[in-house]
Amino acid sequence: MLDNFVSVAELERQASFCNKVRELVLGKGMLAFVITLGCQQNEADSERIRGILTSVGYTLTDDEAIADIIIVNTCAIREHAEKRALSIIGRYKHNKARNPNTVIGVCGCMSAQEHRSEQLKHSYHYVDFAIGTASLHRLPELIYNALNKGKRTFLLDEEKPQIAEGIPVVRESGHRAWVSIMYGCNNFCTYCIVPYVRGRERSRMPSDIINEVRELARDGYRDITLLGQNVNSYGKDLDGEYDIAYLLHEISKIDGDFWIHLMTSHPKDASDRLIEALSLKCCANHFHLPLQSGSSEMLRKMNRHYDIEKYLGIIDKLKKASPDIALTTDIIVGFPGESDEDFERTLEVVKRVEYDSVYTFIFSTRKGTPAYSMPNQIPDEIKKARFERLNDLQNDISRRKNEAMIGKIVRVLVDGKSKNNEKIYTSRTESNKIVHFESQEDYTGKFINIKITRADTFALYGEI
Ligand code: SF4
């Protein structure tokens, strides 16, 4: 199991590169700009990238035009996402032309693929380095190569990627935090590229996670999301009896007032122990359980390893354990071979479960995944029509559920002033519902109680 982790010798080697970069950067007012595309895992990775950059002497900036180092953290979930990343990288050619000393780096899921790494190396001559998702701890070395020798480096992740502990983190928010508890995925859903770009599942040690959560609680963080491609399988690769329920029980012993969210989970690994642990005081009364399709036949083609009976059985157990639990899900419409009947089954599940919200996706082919070459691809107009029907149905449910909250008092975590109205603050309930309210006082980062006075499909409104 020790080979799951980057060796101490390698971490020390990177620490020496940190010192060398500091000598080149410190005191020179050098600025760093990081752009993040894609999912929460990338958001969390970018917080570590910012941590490394500030620890070697850069100051963060929001202005890419004046940055001395630019890092693009890319996504590869769809071909469109890769095209977008390449177009963003393309515009930094001008930064390099204006200032040849600008360092330009690419990381994330797109650059973890060999053909993209080669493309960046040969067609984007102003890119100084590109690395895979599991090589972030080597950033100091790559920055040093670029700054000191003008050397370009293109690294793919090891066949068996490892976890690097101890990387500094600069968090976006002062009250909401991501904590990665594991990396990679073993599931190979037929539409998904993630296992090919992020490698197999690797769990962090429970002690490292618990210490990180303890520090966050001590520092006043109020909403902590335990992050992984499938947090329900946490610990399977560790020696010892560790699982996600164990982790939640240990976290529940930490002093502090905070919510724990899980993102994201796979139904095939949703154990009774986990469902029971969700009732712990620290756990938000919310669970995200991706459905993907209401048809067992589609689930089989998606390689999801559960059928609709098993899925609904988990939902029943969750509702029995906590009748008012907020449930959210992900659904793909238009997967190859999806018939009208298959789609109707999805609508039936949505009606039966009554999710609080649904993240809906139109299936699009992704090169490199089995679904790319599956027969019976669904025409765009059918996919679009199904997508609209599903959204209409869910919007009705969301509005009805939100309206049922009028008159109730809910606890919210305040995020700050609304972008559109100075007098209005935005907050979220533990089930992630947005609540707007008016206030003279700034409660950002605090829990407060709000009486709901109005509701629509996407938000609640209330008063303190
Ligand atoms: S569980 Fe499936 S959808 Fe999620 S990351 Fe793994 S392969 Fe992709």
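**Labels and the values behind them**

Mentor: Let's begin with strand 16 (residues 424–429): Tyr-425, Ser-427 and Thr-429 make up its covered face, while Ile-424, Thr-426 and Arg-428 make up the uncovered one. Bear in mind that this is a predicted model, where local features need pLDDT of at least 70, side-chain atom pairs count only at pLDDT 80 or more, and totals for chains, interfaces and linings use all residues. Residue numbers start from 1 along each chain as its sequence is written.

Trainee: What makes a stretch a strand or a helix here?
Mentor: Both are DSSP runs numbered from the N terminus: helices are H or I with at least four residues, and strands are E with at least two.

Trainee: How do you know that strand 15 and strand 16 pair?
Mentor: Two strands pair if DSSP finds at least two bridges between them. Strand 15 (residues 409–417) and strand 16 are joined by 5 bridges and run antiparallel, so they count as paired. Lys-417 stands opposite Tyr-425, and the two strands form a hairpin with 6 residues between them.

Trainee: What lies between strand 16 and strand 17?
Mentor: A hairpin with 4 residues between the strands, and Asn-432 in that turn has a positive phi of about 75 degrees. Strand 17 (residues 434–438) pairs with strand 16 in the antiparallel sense over 5 bridges, with Phe-437 opposite Tyr-425.

Trainee: Why is helix 5 called largely enclosed?
Mentor: A residue is buried if 20 or more other C-beta atoms lie within 10 Å of its own, exposed if 12 or fewer, and partly exposed in between, with C-beta atoms placed from the backbone. In helix 5 (residues 139–149), 8 of the 11 residues are buried, so the rest of the structure largely encloses this helix. Among the buried ones are Leu-139, Glu-141 and Tyr-144. The buried residues pack against elements including helix 1 (8–25), helix 2 (40–55) and strand 3 (69–74). Just after helix 5, Gly-150 takes a positive phi of about 60 degrees.

Trainee: Why are helix 12 and helix 13 called roughly parallel?
Mentor: The axes of helix 12 (residues 340–353) and helix 13 (residues 380–403) come within 10 Å and cross at roughly 15 degrees. Axes are lines fitted to C-alpha atoms, for helices over the stretch in contact, and angles run from 0 to 180 degrees between N-to-C directions. Angles under 35 degrees count as roughly parallel, over 145 as roughly antiparallel, 65 to 115 as roughly perpendicular and the rest as oblique. The two helices are therefore roughly parallel to each other.

Trainee: Which residues of helix 12 and helix 13 meet?
Mentor: Phe-343, Thr-346, Leu-347 and Val-350 in helix 12 meet Arg-386, Leu-390, Leu-393 and Gln-394 in helix 13. By class, this contact has 5 nonpolar, 2 polar and 1 charged residues. Ala, Val, Leu, Ile, Met, Phe, Trp, Tyr, Cys and Pro count as nonpolar, Asp, Glu, Lys and Arg as charged, and the others, Gly among them, as polar.

Trainee: What makes Leu-393 partly exposed?
Mentor: Leu-393 has 15 other C-beta atoms within 10 Å, so it falls in the partly exposed range. Leaving aside neighbours within four places in sequence, Leu-393 is in contact (C-beta atoms, placed from the backbone, within 7 Å) with Leu-347 and Val-350.

Trainee: Which peptide bond is cis?
Mentor: The bond from Met-263 to Thr-264, with omega near 0 degrees. Thr-264 sits in the loop between strand 11 (259–263) and helix 9 (272–277).

Technical notes:
Two residues are in contact if their C-beta atoms, placed from the backbone, lie within 7 Å.
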